[in-house]
Structures are given as structure tokens and as C-alpha cells.
Amino acid sequence: MGEFDRKKIRNICILAHVDHGKTTLADHLIASYGGGVLHPKQAGRLRFMDYLDEEQRRAITMKSSSIALQYKDHSINLIDSPGHMDFCSEVSTAARLSDGALVLVDAVEGVHIQTHAVLRQAWIEKLTPCLVLNKIDRLICELKLSPMEAYNRLQRIVHEVNGIMSAYKSEKYLSDVDSILAGRSGEVGDENLEFIEDDEEDTFQPHKGNVVFVCALDGWGFGIGEFAGFYALKLGASVSALLKALWGPRYFNPKTKMIVGKKGIGGGNKARPMFVQFVLEPLWQVYEAALEAYGDRVVLEKVIKSFNLSIPPRDLQNKDPKAVLQSVMSRWLPLADTILSMVVKCLPDPIVAQSLRITRLLPKREVINDAIESDVLAEAELVRKSVEACDSSSEAPCVAFVSKMFAVPLKMLPQMGLHGEVLNNFTDYGGDGESDECFLAFARIFSGVLCSGQRVFVLSALYDPLKGESMQKHVQEAELHSLYLMMGQGLKPVASAKAGNVVAIRGLGQHILKSATLSSTKSCWPFSSMVFQVSPTLKVAIEPSDPADMAALMKGLRLLNHADPFVEVTVSSRGEHVLAAAGEVHLERCIKDLKDRFAKVLSGSSEYIERVTPNGRCVIRVQVMKLPPALTKVLDESSVLLGDLIRGKSGHMEKSLECQRTSIVEGENPIEALKKRIIDATESDIMSGSSEIDKDRSEKCRILWERLLKRIWVLGPRQVGPNILLTPNSTGKTTDCSVIVRGSPCVSERLGFVSVSSNGDVASEASSVETHSLYQEAESLESSIVSGFQLATAAGPLCEEPMWGLAFVVEAYISPLVGQSNESETSHQQPEPYGILTGQVMTAVKDACRAAVLQNKPRLVEAMYFCELNTPTEYLGPMYAVLARRRARVLKEEMQEGSPLFTVHAYVPVAESFGFADELRRWTSGASSALLVLSHWEALPEDPFFVPKTEEELEEFGDGSSVLHNTARKLIDAVRRRKGLPVEDKVVQHATKQRTLARKV
Ligand SMILES: Nc1nc2c(ncn2[C@@H]2O[C@H](COP(=O)(O)OP(=O)(O)OP(=O)(O)O)[C@@H](O)[C@H]2O)c(=O)[nH]1
Ligand SMILES: [Mg+2]
């Protein structure tokens, strides 16, 4: 990188309103000049710079990222920025590091709110802007405008953008005049002059070459320069004359071959400006010729010939007219060349840019007492001069600005060093080695040379070199671990980088939170702070699903705060961790990052149901999850053994079991066998999904199951059912003075998943008498929780039938009696506190369990018969008809050899089996017979509460009147009716459809 002359460097960013095509444009620049990282065929579709999963999923850019391009002998650092309002902080960080900006405007949508915002950002940061009018194709294909209408529209947009710029200019002008009138003079004055003298010329003028018209999707674009060059030869005019004439009210008089004004042409309204006649019309012709069915290929040929294009015949033969069009257009008016030649021509190199931007970056400080520390002052002035000149000599002071920190997974870092040596990325000098994320600084070098391994001072925005010792906390010394050239997601290690370049620096993770100035000397002013146009206003409190994960969450929040320039993490007065983001999309991304990358604890299972007992002393939280079907099956099938095991608490049963447990030689130990079956069942659950998930996940699953199996408290309903109550996972220590009811893993002990231990006398840990009694109280509530769980699992929320295959975690927090000192009052309110509380807890647990099930989209589980049918061939039809009416699922059908009989295997729901054999006999004249055996329980996949909600569902089912018969709902209602439970039945479903029932008298 060092060999490039600074004059051959351009640092540019692409700015625009959301979806105006920044990333698509970047794709084409990368495909042409990105050193082969992107195939031209994929340009515009891949969205190379949107490498985060979330960006691809949502199809919007969420962060600014840089890529180094090689255009002819120029080195161009291109920064793509997001357009969404929520991420406008990323625009600020991109703008700070760039010297020029490509401001995109969608030709159809025109100037939008964010266009204003980015223009302002560019203006504040003193960037030189260029205007790119994108999506010209939409004017032709979507709006179907005529070239003249399109011209008017484009002209309006250019005018509007110029209007915005001139407003900023005059705003500045006025404030400068104000400050002069206010009598301020001296050194500030000469800066102002620069602006006061600034002419009122439009910023964007096509003939200056800083406006281009492009279609990023199809990969073409042009400035009027391209056409001026071409027509100069054809019309025999000078390029400069044509440049002036090709935009604005200039007309070509074919008779005199003169360029004339509106008056000179005559011909009334028919006259077209030269831009329309010479630029837009040929374009429109090509589009129409290519896209219209069996369009006129002659026009295409003409263009190909007159512009001397070499297009592979294969491309022209392509059946897809769009592909032909792209092929012709991208060769005729290649997008990347148009854009980058404009960049090189119109945007400043770092030397020019820094001299322009210095007043913004390092504003002159007014030093009141300059007698003191004059040498420091002189040196700081030297540093400023060196930044202004973009001095890249090795003696020059080294100054860089870090505009944001970003996290990359450690495994994404290059494994090879500069000379091919293997880097050990896991010993991170940056100090962030504790996680598998590594922090890089997104920085621009403004003066001197930065080398990896160099030691620099990190200056915070509050640093003042004149204040010496008192400023210690605002300055740190750090070692730069390595420097990288950014290639989108990729990083290319470099040994050193000179002034005027944009790099990523590793090793500053511990020293910089969001942004900072780096300098080789302490006698340097920090760069002025960046301006953010919104503030983080959307705030949410965050907590881990499991209180034990608090430490991990806090660490995650710290990392997130670091990695996102805009997020704010605070602790509220109530001790909640509050995350502030710019908007909803931003917040969602933050939470996702937190979940997947930084904390990994906010699992989706954080949705628990909370109930409080009526007296408010006990808070109950219930979480429910589905057990793997294999495990449920094992629990169901081993109910007898489990029953023996659980009930055999006393007497000889336990002894005999104990004997069995020790006599391993027997091999047929039923408990060991059961234990193995349970473990196998959980394993099969892990294995079933392992084809898609990586080893890491399945390992995690295994560990999770290992832990869960150690926490089985009881089974339910009636002690031996297929549902599990797990003991709470937390340690029992809570922030306030409440105490958690811990329970004990009785079943796990009996199954031998945990050794029988004293389980630590909790009460003895309690420090005071008061808490001691609270612990005792908590212990006494255990049985209420178990009873609540048993009740809940015995009668589920759908139709009061037993639940099937669920695991519950019930956390009950009991808090001390409030106002205990006031004995009389309390006892007055609760004459019998214990008796009532246990009952309250039981009901609350039951309610919470049922509510948790309802919230998690329950499904009905029904028993299935396995059915074997034998039917003569001629009755196959009627037999299938019977099976279909009974919701049967056919498994297999087979001809019995040597007989005219067919054997059919099917599953028939038990609920549908009444009268099944009868009906079968009737329909097949008694020729077929059926054998039914109870096989298994099966969940009905239908949602009993299905109501069309999404757009597609609404389209398919309308308002719900045409939803097909919901079997699950039907069954539930039938059972509820039988049990005398309330049924949500509407007598009139759709009033309009019942009209015919009205009696007309
Ligand atoms: N018709 C047409 N569509 C385009 C053109 N350029 C981009 N698009 C489409 O516009 C949409 C947005 O493009 P992006 O490049 O993701 O826009 P962006 O400006 O990067 O969006 P953000 O980064 O989210 O602000 C995509 O669906 C593109 O295919 C164009 O020239 N013509
Ligand atoms: Mg984008």
C-alpha cells in the first residue's frame, strides 16, 4: 500500500436514503476493481458488503464497512454505509474517515428525509460530494416516462439537491457573517473568508462531471462527459462546447448544425433539449428494442456498431431479454468506470482534502494563556500542520482517528501473517481474549506512518495537551498489535500504513470504547467529536432468562456497548440493565447480537409465566418445554417400574432396589436398564437433529440434558406420568431478601442420576433467625408446588385431559412477611397464614403451569391404534373410503401371495374407532376384517386456536370463515361439551351467510 502516491488515493463513502442502491452500486465497483473477490455475474445480486446474516436476511445494510479497490493506478478506499435512519451513526463514522461522498438518489423516489440527513453529514464533515442518480431503468420500465418527462424529473432532482446544499452554505454564510459582525476577528476570520467568498454556484452540475446517471442493478451508468466525447467526433463540435450544451435548455439545430438556445430552435414544443435528443432517446431506444417482445434487434446492432462494442454473440442470443440488455448496456456504459473516473476526477486526494477538512477535524483552539507550555503548544501546532499537509514521511508525527470499534469473530481474522507465518490469534494482546470476539478499530491515518507493533497514545475527546498531569485519565498508551487493509469482511494484514489510508487496527480493544484519536505524541489535540443526528431513544430493560447468567449478560452488554458505536448501556436506578438504541431495527439487531454473539444467555426460553399468590408473598415463575417424543415414550412405557421406584420410598422395596442397584453383575437390573433407556432417548433427540447442526451444538445439547436429568423432582400426573417437574436451576440466592423454594431431585436420585446426598441444609446457611424461618417456610412449600404441578398435569388447559410429554420448571420465590414488627395487624389480616399460603401456592402453581402451556401453543395428543386390515381386492375402494373418514394413516399395503387378499397397515385414532369395525363390515359386505392394537400417542399438528393472521393466511382463508375443519378444535370441543366445560361456540358465525335462514313472512 505504501508505494501508492498519496495523490493516487481516494477515500470515499456512499451515502443515501435507505434502499436507494448503495450496496448494489458497491457490488459493481468491487466486481470490476476489487481484485476478483466478486464475480461480475454476481454483481448487484450478492450484496458483498452486506456480509452479516442479519443484513442479508433483512436486505438492508446495518453497518459501514470498507473495501480497498484498485482502479488503474489509483487506490480507492470505498466505504458503504447504511441508509436506514436507525443506523445513521454509522454514516457519521463513515463520513469522518472519507474525503468524498457519492450521494445516491433514487430517480423514481427522489430526495427523501435521509438524503437530507446524509447531505448534511457530508457538509458538516466537509466532504466533497458527487451526485449519483440511480435506478434510471425504473423511469423507463416502471414509470414508462418519455425521455422528455424523464429529463424533467432528473432536472428537478438535481435542482432539489442543489437547493439543499445551498441552504447549508447560506446557513454557514449567515452564521459566519454574524460572527464577524459580532466583532470576532483575527485567526478565525481568515477561515470565514473562504466561505464568504464562496460563489453561489450550484454544487452539482453535470457538465462539471460530478453528476452521473446510473442503473446499479443492470450495471451501467454515464456522465455527460461520455456522450460529449462521442458526439464531438460525430457532430464536429468541441467536447467542451458539448459538455455545456448537453444539460440544460440547449438545442441542436440540424440545419445549421449549431447549438442554440430555446429561441433559436423554433419548432414550438416539439423541440427537445440536447440531453433528451442525444442521451436519453438512444437509451430509451435500446431498452425498448431489447425488452419488448420480439423487439427490434436492429437498434441494438446499430448501437453495438456505432459504439464499437464487442459483445459475445452468445450473450446476444440469450433468450432472456434482460440478460441481453445488461450485456449490451454494461459494455456500452460500464458503471464502475463511469463512477470511478468521476471519483478520481472530482473528489479530492487526501492532501487536498485534509487541508480543506482541517478546520473541522482539528479546529484552531483559542489559547488564553499561551505563555505557559509554549513548547507543547508549538508542537501541537506542528502536529496540526502535519495533519493539514497529510505528511506521510516517517519523521512526521503519527496521527490517526478511530471512528468506531467493531467486533469480528476471532476465527475470521487472517491466520497467516505478512510473510506467511502462522499467527496465533488466540493470545490477544488487546486484552479481549476472554471472548471469541476480537475488537478492531476502524481508523484513518491523517499524518505519519503507522506500523504494527508501534506504541501510540490514545487520546479521548476530553484530552487537553496543555493541562499536563491532570489529563492522565484521558490519555493511555497502547501497542498496535496488527494493521489490516479491509476488504469488506476480509482482512489483509499489512506491516505499515501511511497517511491518507483507511485501516483496521487490532490491539486497542481495551483502550477505546467508541472513538478516539491516536497520536505518537502527547502534544496533540484530540480530533473534534463526531456529530450524530439522532440520539438513542428507544430503551429496554434487559435480563437473562436465568438469573444465574447475570454475569454473562453483563459481559455481553459490555461487549455490545463496545462493538456498536451508538448503543448506550446503563443501569437504571432500579438496578435494571437498560439498553438504548436508535430505533426498532437497531434494537432488534442489538438483541440478536447479544443473544448470538456476545452473551449467549438470553435464550428464547426467557418467556415465563409469572403468578403471584393473592397475599403477594410468593412469586411463581413457570417455564415449560416439550420433552423429546422418545423420552415421553420411555416414561409412559415404564410407568409401572417408575411407580414402584417412586412409591417404594419405605420398607423392603427400597432395600431390594438398592440390592439390585449394587448387583451390577446381573446386567438385567431394571433401574439401570431404565436409566439407560432414558439416556438413549435423550441421545436420539440430539442425534435426530444433528445432520444440520454442528457438533458444537449437539455437544451443548448433551450437556444440557445431562444437567436436566439431574434435576427431576417428580413426575406427573399421579406421580408416574409422562410429564416432568424440574427443580429450579438457580442457586437460591436472590437480590432482594426473598428465598427460592429449591425442591429436591427425588426422581433423579432414585434413578441414580445424582447420588443421594444430604443436599446441603439450606436453612443452616441462613444467617439470621428471620431468614432461617423463611428457609423453613420455603421447604414446607415444596409439597404445595408438587401438588400444584400434579393438578395441572392431570388436567390440561385445552380440555382438562392429562398433559403429555412436558417438562416444567417452577421457581417459587417467597419473601418475608412485610411489617413483621406489626404482629397484631398481620395476624389480624391472616388468621391462619400457613394453611392459606400453601393452598394459595398450590393454586398459583397450577394456574401458572396451565397458562405456560397455553402460551406455548399446545397441541392435542391423541392415542392411536395400530390396525391391520385384510381385504379382498374388489373391496379395496370402500375400505379406503372408511379409513379416510376415520382420519386413518395408511402405512403399508401388500398383496398376500397366493390369495386375493390385500393386507393394509394403518394408524387409526382411538377417538375415531367407535363403530369402526361395524362400518367396515357394512361397506365391504363383511369381506374385510380389522385388528386394532393400541399403538402410541401422537400429537395432532393442527393448532386448535388457528386464526388466519399473516397476509398469506388471510389470502388463503379469508376472515376465517373458509378455514377447513379444524380437527383438533373439534375434538377439544367435543370433550369439553361432554365434561360440561364452557365451549367457545358462536351461534352465528358469519351473519351474512345466515341470511337465507331468515323467515320471510
Ligand atoms: N430497478 C432498479 N433497482 C435497483 C437499482 N439499484 C438497486 N436496486 C434495488 O434496490 C434495492 C435496494 O438496494 P440496496 O443496494 O440494498 O440499497 P441500499 O441503498 O444499500 O440500502 P440500505 O443499505 O439498506 O440503505 C434492491 O432490491 C436492489 O435490487 C437500479 O438501478 N434499478
Ligand atoms: Mg446497503
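User: How many cavities of 30 Å³ or more does the structure hold?

Analyst: Rolling a probe the size of a water molecule over the atoms shows where empty space is left. In this predicted model, the structure holds three cavities of 30 Å³ or more, a cavity being a set of points, on a 1 Å grid over the protein atoms alone, where a 1.4 Å probe fits but cannot get out. Residues are numbered from 1 along each chain as its sequence is written.

User: Which residues line the second largest cavity?

Analyst: Lining residues have an atom within 4 Å of a point, and for the second largest cavity they are Leu627, Trp705, Leu708, Leu709, Ile712, Ile724, Leu726 and Ala807. Helix H24 (695-709) and strand E26 (723-726) are the elements that give two or more residues to this lining, and H24 supplies the largest share, three residues. The volume of the second largest cavity is about 40 Å³, where a volume is the space filled by probe spheres set on the points.

User: Which protein donors does the magnesium ion (ligand 2) have?

Analyst: Donors are N, O and S atoms within 2.8 Å of the metal (3.2 Å for Na, K and Ca), and water is not among the atoms, so sites may look incomplete. Here the protein donors are Thr23 (OG1) and Thr61 (OG1), lying 1.8 to 1.9 Å from the magnesium ion.

User: Is Thr23 buried or exposed?

Analyst: Buried means under 20% relative accessible area, and exposed over 50% (1.4 Å probe, protein chains only). Thr23 is buried, at 6%, and Thr61 also counts as buried, at 8%.

Key. Chains are lettered from A and ligands numbered from 1 in the order in which they are written. This is a predicted model: local features need pLDDT of at least 70, side-chain atom pairs count only at pLDDT 80 or more; totals for chains, interfaces and linings use all residues. Side-chain values use heavy atoms; hydrogens and water are left out. On a 1 Å grid over the protein atoms alone, a cavity is a set of points where a 1.4 Å probe fits but cannot get out, and a pocket is an open set with protein on both sides within 12 Å along at least five of seven lines; lining residues have an atom within 4 Å of a point. Helices (H or I, at least four residues) and strands (E, at least two) are DSSP runs, numbered from the N terminus.
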